[in-house]
Amino acid sequence: MTTTLIDLRTVARNGADLSVSLAGELDLHTAGRVEPRLAELAGSGHRNLILDLSGLAFCDSAGIELFLRVHLRCRANGTRLQLCDVPPLVAKSIRVLGADRVLRLVVT
């Protein structure tokens, strides 16, 4: 059995913005590992939470549901969530599920 890995790193804090990168595979097993930290960051008081997804090799519906939950938490705290450098296959999955109506995407 292989272990799926996910890495979450704070890239930069710039006054109103907080940039965070996610790399690896975001799925049912790894979403729970990063959700507490993302929830904390969503309430950190920044105007924008920017998630750089350029290092994401895979994202299933559990990962997309995580993005939706983080979006709701951000919105409740007056923060805007932006998914940046979204890999094309991840963007396609988000669109197929209709989550692009809620999530702000910047595709690579």
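Analyst: We begin with a definition: a salt bridge is a side-chain nitrogen of Lys or Arg within 4 Å of a carboxyl oxygen of Asp or Glu. Please keep in mind that this is a predicted model.

User: How many salt bridges does a search of the whole structure find?

Analyst: Side chains of opposite charge can pair when their charged atoms come close. When the whole structure is searched for such pairs, the number of salt bridges found is 4.

User: Which residue forms a salt bridge with R37, and where do the two partners lie?

Analyst: The closest N and O atoms of this pair are 2.7 Å apart, and R37 itself is the nitrogen-bearing partner of the salt bridge. Both residues belong to helix α1, which covers residues 28–42, and they are 3 residues apart, about one turn of the helix. R37 counts as partly exposed, because its relative accessibility is 27%, a value between the limits of 20% and 50%.

User: Is R9, which forms a salt bridge with D7, buried or exposed?

Analyst: The closest N and O atoms of R9 and D7 are 2.6 Å apart. D7 has a relative accessible area of 29% and is therefore partly exposed. For R9 the relative accessible area is 51%, and since exposed means over 50%, R9 is exposed.

User: Which residues are linked with E35 in a network of salt bridges?

Analyst: The side chains of E65 and R69 meet in a salt bridge with an N to O distance of 4.0 Å, and both lie in helix α2 (residues 61–76), 4 residues apart, about one turn of the helix. Both count as partly exposed, E65 at 45% relative accessibility and R69 at 36%. The network that includes E35 links it with E65 and R69.

User: With which side chain does the side chain of N48 make a polar contact?

Analyst: N48 is found in strand β3, which spans residues 48–59, and it counts as buried because its relative accessibility is 12%, under the 20% limit. Not counting residues up to four places away in sequence, N48 touches A16, D17, L18, T79 and R80. The polar contact, at 2.7 Å, is made with the side chain of D17.

Definitions and conventions: Residues are numbered from 1 along each chain as its sequence is written. This is a predicted model: local features need pLDDT of at least 70, side-chain atom pairs count only at pLDDT 80 or more; totals for chains, interfaces and linings use all residues. Side-chain values use heavy atoms; hydrogens and water are left out. Buried means under 20% relative accessible area, exposed over 50%, partly exposed in between (1.4 Å probe, protein chains only). Helices (H or I, at least four residues) and strands (E, at least two) are DSSP runs, numbered from the N terminus. A polar contact is a pair of N or O atoms within 3.5 Å; within protein, one must be able to donate a hydrogen and the other to accept it, and residues adjacent in sequence count only if both atoms are side-chain atoms. Contact means heavy atoms within 4.5 Å.
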